Amino acid sequence: MKRFIARRLIQGVVLLFMVATIVFFLGRLTGNPVDLMLPEDATAEDRAALVKTLGLDEPLLDQFVIFVGKAAQGDLGQSIRMKQPAAEAFFNRLPNTLVLIPWALLLGMALGIPLGVLAALNRGGLLDRFAGTVAVLGVAMPSFWLGVLLIFVFSVELGWLPSSRMGGPEHYVLPVITLGTFLVAGFMRITRSAMLEVMESEFVKLARIKGLSETTVIWKHCLRNALIPVLTLWGVFVGNLITGAIVTETVFAWPGIGRLTYEAVIYRDYPLLQAVIILKSILILTINLGVDILYAYVDPRIRLT
Amino acid sequence: MSDSAETILDVRDLHTHFFLRRGVVKAVDGVSFTLRKGEVLGLVGESGCGKSLTALSVMRLLPKGAARTVQGEIVLDGENILKRTPSQMREIRGRKISMVLQDPQTSLNPVFTIGDQLREALVRRAPAKLKEIIKQAVAALRRVDIAAPEQRIGQYPHQMSGGMKQRVVGAIAISGEPEVLIADEPTTALDVTIQLQYLKLLKRLQRENGMAILFITHDFGVVARMCDRVAVMYAGRIVECGPVKQIFEAPSHPYTRALIASVPKMTGTRGRLTAIDGQPPSLMNLPAGCRFASRCAHVEPRCLEAYPGTTQIGADHTADCWKIGSI
Ligand SMILES: Nc1ncnc2c1ncn2[C@@H]1O[C@H](COP(=O)(O)OP(=O)(O)OP(=O)(O)O)[C@@H](O)[C@H]1O
Ligand code: SF4
Ligand SMILES: [Mg+2]
């Protein structure tokens, strides 16, 4: 297990380096940030001075080495717009996104997993088709559209729930539904197919031969096995949520890292964008590692080797 | 086995079909046999002739969906279990009738410990304190010759060898002291020496418990070693049934003869059924007459017209063939 974690950590570092490289060079391709940072009437001297302080006059490769060196020490540069370290801006906003994720995951699982089990039990039946429709809708419906729809119905028309910004529990409802809906479908489909596979297995037959009740057979013997593939996708889902947060947070004016990403793009705040992408990658990698450890806990075949 | 032994399982004219979009697969189509208390009855036949499906029909554990038992009676200890409700069947399974599956690698749930899986079966028999149940589980493992059972109950299936897993499956299957055990090719997946050990173990357990075993196999060597009587199945039906010795020495049905002739030598444990020329008929489109007709050297017109009735050959020996006594 320790070796497994160590290997994953090394892989993570390599991956991060690749992300940093891509981000850095892409950033340079999209134009010179100096123009954006200076007022329109800036003189050539002003420009030259700024270029020098930003180190943009060095050869590209040297810039990259400096960038990586600084990044390794935790310095991801200054946000142009916010006039504060980019990492600081990220970590200020991060908790706002993180508070949404568990609820969205919970909603996705609470609906998706039982729905998947029921769909598998009723394979080809009415319930299965209903669940299938839910799945297609959940995936096909763009979250900005769902978000706008929810705002229209529950905030504008009914006036039940606030449409934007953070606040009390009622502020969470619509963003969480918007984020979670995508996951309901995902969890449902994986649970369904995993259950169908597990239900065919011999050990399920043996459980029935023992005379166990159908409830025990399905919800204990089958589901526990079906959860293994479901869990592996947790990492992917959390990744989806963090990425998906861009749209949802923008729609709901939610001050999280999703909206921060959006702002960084809109204002061409490229140091901020770089920092956000790298830090998000670290976040997703960490979550994936956590999920793998959890996975090992559920599946003894992994834990004990 | 004395002739007067009491019948524990009586299967009469069992029909289990798959209803598929492209037609009806008559996988079990008129199977009858009896199993007496304490005996081992072998069930042999080529792959796909319906042995497993017969077993699953008797357990009432058909694959969900298309398969249904449409006709017949399964009389277990005096009651027709086809008339029992699913919850009554759960009471019967494990306690009166149980089963060992073919593949030990997949018969145990990978995410629960051996002890957990045994406990579930033991608790059903007689609810007791956890400590008591653990003691019983250890004893159950010891009974199937598992060394250091105290340690083993905390282990997961993947930590055991195939032979060991199959013995654990055996321990689970018989933990409710069933009167009937169905063993569906329990040794096919094991290597030869382990096979022998397992067969000896089964035989010992059978003697200790006095349970009856329906032993499904491809292997005539295993039949010779394990069984008192043997039923030969062909295309969804039993075509010959009798004491092992008689079937080996004087097989009556042309199919049984071909089977036995195809076994190279009846010594040792080898003796897998090798191919007989031709193919069995499609189970979707069974002929009106004898099902073996297309491969039979003795076929004559009446064989094609009607299914031969069951002929009594000896006191305990029957076969379904028109030409019994004349070939
Ligand atoms: N799920 C299914 N759908 C349709 N037909 C099936 C299905 N399962 C089994 N059958 C048919 O039922 C027949 C009997 O299958 P069964 O598993 O009982 O054979 P078997 O005698 O146990 O063979 P083997 O020795 O290979 O285990 C097969 O020929 C197959 O065509
Ligand atoms: S009934 Fe006819 S075809 Fe069938 S086994 Fe007997 S001789 Fe052969
Ligand atoms: Mg079979």
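Is B:Asp29 buried or exposed? I looked this up first. B:Asp29 is buried, at 8% relative accessibility. Buried means under 20% relative accessible area, exposed over 50%, and partly exposed in between, with a 1.4 Å probe and protein chains only.

**Ground rules.** I am working on a predicted model, where local features need pLDDT of at least 70, side-chain atom pairs count only at pLDDT 80 or more, and totals for chains, interfaces and linings use all residues. Residues are numbered from 1 along each chain as its sequence is written, chains are lettered from A and ligands numbered from 1 in the order written, and side-chain values use heavy atoms, without hydrogens and water.

**B:Asp29 and B:Arg291.** I found a salt bridge here, with the closest N and O atoms 2.8 Å apart. The term requires a side-chain nitrogen of Lys or Arg within 4 Å of a carboxyl oxygen of Asp or Glu. B:Arg291 is also buried, at 8%.

**B:Glu39 and B:Arg229.** I checked this salt bridge next; its closest N and O atoms are 2.7 Å apart. The pair links distant parts of chain B, 190 residues apart. B:Glu39 is buried at 0%, and B:Arg229 is buried at 5%.

**A:Glu263 and A:Arg259.** I read 3.3 Å, N to O, for this salt bridge. Both residues lie in helix H12 (residues 257-266) of chain A, 4 residues apart, about one turn. Helices are DSSP runs (H or I, at least four residues), numbered from the N terminus. A:Glu263 is buried at 9%, whereas A:Arg259 is partly exposed at 23%.

**Total.** I noted 27 salt bridges over all chains.

Key: Helix = DSSP H or I, 4+ residues; strand = E, 2+ residues; numbered from the N terminus.
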